[in-house]
Amino acid sequence: FTQTDFRLDYMLSKGFRIFLSYNFMPSCIAKDPSLVTKGRYKGKTICSSIPKDYSLWEEVCYAYTQHLVERYGKKTVSSWYLQCWNEPDLGAFFMRGVPTSHNDPEALALRLREYCKLYKHFAAGVVKACDTAKIGGPSLDNDLLFLDGFLRTVRDQGIKIDFVGIHPY
């Protein structure tokens with residue numbers, strides 16, 4: 001937690017409103033830890049795999065959120081926006097090797113199914129640690145079919161969502 005604490009402390013000291021993405025899979029819980037690529041930020045590596053066990057992902061989300069609540073307080077964390085993943089419709093960031101969902105119905109169905117499971121467990125873990133947290137996602141690359149499928153899933157399964165994100169490239 002040390003690196004993110006350092007960054008959050010700095011941003012909070014400067015008055016930033018926090019938008020925090022639970023993004024990229026820790027290799028130790030990844031189904032395919034070889035799905036690692038260099039990211040755009042200072043050459044850091046990112047793992048785009050789904051988890052080998054979604055309950056492990058949920059536990060990571062819970063533990064991290066619980067840490068945030070213990071360090072910054074429930075009131076402060078509840079004022080932040082906590083997002084599950086960035087652009088899960090794109091292969092560079094989620095499920096590298098599976099075609100992007102644009103114009104590929106099978107890829108869309110697979111990505112959507114896996115992302116919805118990821119989001120469901122993210123939501124359960126975060127809410128367990130902070131029931132007043134503002135949670136959402138998926139910050140898509142403008143894929144409205146993916147967004148429609150995601151919103152239908154959270155509605156039909158009664159999963160908490162407070163916001164959605166789309167990048168307007």
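**View 1. Asp143 caps the N-terminal end of helix H5 in this predicted model.** A side-chain oxygen of Asp143 lies 3.1 Å from the backbone nitrogen of Leu145. Such a polar contact is a pair of N or O atoms within 3.5 Å; within protein, one must be able to donate a hydrogen and the other to accept it, and residues adjacent in sequence count only if both atoms are side-chain atoms. Residues are numbered from 1 along each chain as its sequence is written. Local features need pLDDT of at least 70, side-chain atom pairs pLDDT 80 or more, while totals for chains, interfaces and linings use all residues; side-chain values use heavy atoms, without hydrogens or water.

**View 2. H5 spans residues 144-157.** Helices (H or I, at least four residues) and strands (E, at least two) are DSSP runs, numbered from the N terminus. The 14 residues of H5 reach 20 Å from first C-alpha to last. That is close to the 20 Å expected at 1.5 Å a residue (1.5 Å times one less than the number of residues). Gly158 follows H5, with a positive phi near 65°.

View 3. Phe146, Leu147, Gly149, Phe150, Thr153 and Val154 are buried (under 20% relative accessible area; exposed is over 50%, partly exposed in between; 1.4 Å probe, protein chains only). Helix H4 (105-129) is included in what covers the buried residues.

**View 4. Phe122 and its contacts.** Phe122 touches Tyr22, Trp57 and Leu82, among others (contact: heavy atoms within 4.5 Å). Residues up to four places away in sequence are not counted.
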